[in-house]
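Work through these exercises with the structure open beside you. Try each task before you read its solution.

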Amino acid sequence: MSVSSAEDSVRRAIVVGAGPVGCLAAISLAKAGWQVDIYEARPDLRLPASKATTQQRSINLAISSRGIAALQAIDPAISERFLQTAIPMRGRMIHDIKGNQHSQLYDKDGQCIYSIDRALLNEGLLSEASMVPNIRLFFRRKVLAIDFDDRTMIIRNLDLEKDMRTAFHFCIGADGSYSIVRRQLMRVVRMNFQQEYIPHEYIELKMPAVHNEHGKPSFSLDPNHLHIWPRHSFMLIALPNKDCSFTCTLFAPTSELDRLATARDILSWFKTHFSDALALLGEEKLSYDFANNPRSPLITIKAGGLPCITGGAEPYHYKDRCVIIGDAAHAMVPFYGQGLNCGFEDVRVLQTLLQDCGVAPGSALPGLGKEVLADSRLSNALSRYTETRHEDLVAICDLAMYNYIEMRHSVTTPVYLFKKALDDFLYTISSWQNPSSEPTVRASIATIPFPTRRPSGWIPLYTMVTFRPDISYGTVKKKAARQSEIVTTVGWLGAVLIGATGLYWTLRVVRSTSSQR
């Protein structure tokens with residue numbers, strides 16, 4: 001086994017995982033002065049051989065204000081470049097069973113989310129990271145084991161089938177739902193861990209571009225909406241791409257998909273439930289995608305710690321050695337479009353805490369291994385990350401599951417439409433009475449994780465989750481619960497009032513009729 005070590009004069013961080021979150025974390029650390037190595041078990045996604053595999057099972061990403069705020073906090077130029085490749089979506093377009101379309105705008109002020117191809121985003125961040133002088137990228141390097149006390153890890157070169165031991169001062173695990181870093185961390189941290197597969201799967205489909213009268217590619221649907229075909233227990237969604245195609249994802253119970261065994265079954269099922277989408281997907285292309293694209297599971301992961309004597313918890317980090325972020329800490333179902341945004345926000349919050357605690361990678365710790373002195377500032381920053389982030393991550397995992405029910409079913413019900421109208425009405429009145437201080441708040445995000453601790457007025461749940469990076473997910477969940485109680489109470493009072501009014505007039509009519517007799 002070969003051995004690699006870091007020079008004493010350089011603080012070395014290892015980021016495990018070269019996905020979007022891992023790349024952004026590496027860029028953040030490098031800009032702060034760390035020497036950063038990124039290790040990724042997969043091949044370089046920018047290689048042509050890797051792209052075909054990636055395109056088979058990648059849900060398009062919806063990046064919103066939280067993710068954008070994180071990119072801007074790490075590097076404003078990166079944020080601006082990526083937004084140029086994204087397509088704004090201003091609302092949901094609901095397709096009913098008859099093929100009628102109904103627009104539901106996300107925000108009264110026209111705020112939007114952005115559709116971006118996962119592969120393009122990942123490739124772009126890899127390119128950004130590769131241009132930073134103090135970042136090194138290593139592909140097809142699989143982490144086998146980590147000794148956090150010795151500050152070393154064993155990594156296998158999958159091309160050469162050789163193992164090496166490498167040293168580090170600080171490790172970030174951004175290696176996804178099946179994180180090896182998390183599994184190693186659970187050996188030294190009293191971590192509660194919950195993994196749940198929901199009884200649904202997804203399969204990706206492609207809706208090709210059409211051609212206009214000039215022979216140029218054009219969109220077959222409005223590109224500025226996220227298109228949803230809600231069918232109660234399952235749904236189809238479509239997000240626009242820059243080449244005028246749409247990436248479609250079918251979410252359905254596993255038992256439902258199991259029944260689609262042949263091309264005839266698939267086409268018959270689509271004709272029954274998604275006839276307008278089938279015309280745009282094309283029967284031949286749909287059959288091909290079903291036969292060649294994998295069915296993928298939906299998983300939610302929550303990591304949580306056991307309370308320690310001081311009342312805190314230690315689920316996400318170990319001393320000053322390691323922290324897990326992104327899906328490694330909180331994989332969630334994709335129905336709020338917050339997986340990427342939450343992962344990017346992890347990086348922003350971590351950067352803010354490192355800066356606030358005065359972590360200085362330029363001041364090297366002597367040596368590596370067990371004899372190295374602990375960095376109390378780094379340890380304090382990671383402790384604060386764990387203590388302040390846990391509630392938020394559990395909250396967004398729960399909200400994401402709730403939004404699946406809303407997207408596949410509730411958006412079509414009169415009760416939902418009434419509540420949304422009431423939400424928007426109360427939000428409008430509240431906004432008029434409480435002028436927004438948003439520009440000031442957003443400017444402080446770079447130095448304070450969540451400046452707005454007690455949001456005032458009435459704010460719809462979706463607006464808080466998607467467009468208010470200054471409000472933590474935990475605060476969002478609590479405020480939404482209070483507002484929901486108010487709406488429910490008003491609804492009951494309204495029902496009682498209507499009932500009482502109806503009873504009053506019924507009695508009047510009865511008495512009037514009796515007196516006439």
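**Exercise 1. A buried threonine**

Which side chain makes a polar contact with the side chain of Thr166? Find the partner, then place Thr166 in the fold.

Solution. The model is a predicted one.
- Step 1: The partner is Arg12, and the contact spans 3.0 Å.
- Step 2: Thr166 belongs to strand β12, residues 162–167.
- Step 3: The relative accessible area of Thr166 is 0%. The cut-off for buried is under 20%. Thr166 is therefore buried.

**Exercise 2. The chain as a whole**

How many helices and strands does the chain have? State also what share of its residues is buried.

Solution. 
- Step 1: Count 17 helices and 22 strands.
- Step 2: The chain has 517 residues, and 53% of them are buried.
- Step 3: Take the contacts between residues at least 6 apart in sequence. Of these, 73% link residues at least 24 apart.

**Exercise 3. Two helices in contact**

At what angle do the axes of α3 and α4 cross? Classify the pair, then list the contact residues.

Solution. 
- Step 1: Two packed helices are described by the angle between their axes and by the distance between those axes.
- Step 2: Helix α3 covers residues 65–74 and helix α4 covers residues 76–83. Their axes cross at roughly 135° and come within 5 Å.
- Step 3: An angle over 145 degrees would count as roughly antiparallel, and 65 to 115 as roughly perpendicular. The helices α3 and α4 are therefore oblique to each other.
- Step 4: From α3, the contact uses Ile68, Leu71, Gln72 and Ile74. From α4, it uses Pro76, Ile78, Ser79 and Leu83.
- Step 5: Sort the contact residues by class: six are nonpolar, two are polar and none is charged.

**Exercise 4. A three-stranded sheet**

In what order do the strands of the open sheet containing β4, β5 and β8 stand? Identify the edges.

Solution. 
- Step 1: The order is β4-β8-β5, with antiparallel pairing.
- Step 2: The edges are β4 (61–63) and β5 (87–89). Each has a single partner strand, so one side of each lacks a neighbour in the sheet.
- Step 3: From one strand to the next, the twist averages 40°.
- Step 4: Strand β8 spans residues 113–116, and three bridges join β5 to β8. Within that pairing, Ile87 has Ser115 as its bridge partner.

**Exercise 5. A covered strand**

How many of the residues of β17 are buried?

Solution. 
- Step 1: Strand β17 covers residues 225–230, and six of its six residues are buried.
- Step 2: His225, His227 and Trp229 point one way, while Leu226, Ile228 and Pro230 point the other way.
- Step 3: Strand β6 (residues 91–95) runs parallel to β17, with four bridges. Met93 stands opposite His227.
- Step 4: Strand β18 (residues 235–240) runs antiparallel to β17, also with four bridges. Here Trp229 has Leu236 as its bridge partner.
- Step 5: The hairpin of β17 and β18 has four residues between its strands. In this hairpin, His232 has a positive phi near 70°.

**Exercise 6. Positive phi in loops**

Where do Arg140 and Glu161 lie? Give the phi and the exposure of each.

Solution. 
- Step 1: Most residues other than glycine have a negative phi.
- Step 2: Arg140 sits in the loop between β9 (135–139) and β10 (141–147). Its phi is positive, about 50°. At 28% relative accessibility, Arg140 is partly exposed.
- Step 3: Glu161 sits in the loop between β11 (152–157) and β12. Its phi is positive, about 55°. At 55% relative accessibility, Glu161 is exposed.

Methods. Residues numbered from 1 in each chain as written. Predicted model: local features only at pLDDT ≥ 70, side-chain atom pairs only at ≥ 80, totals over all residues. Heavy atoms only, no water. Axes fitted to C-alpha atoms, helices over the stretch in contact; angles between N-to-C directions. Parallel < 35°, antiparallel > 145°, perpendicular 65-115°, else oblique. Contact = heavy atoms within 4.5 Å. Nonpolar A, V, L, I, M, F, W, Y, C, P; charged D, E, K, R; others polar. Pairing = 2+ DSSP bridges. Buried < 20%, exposed > 50% of the residue type's maximum accessible area, 1.4 Å probe, protein only. Polar contact = N/O pair within 3.5 Å; in protein donor to acceptor, adjacent residues only side chain to side chain.
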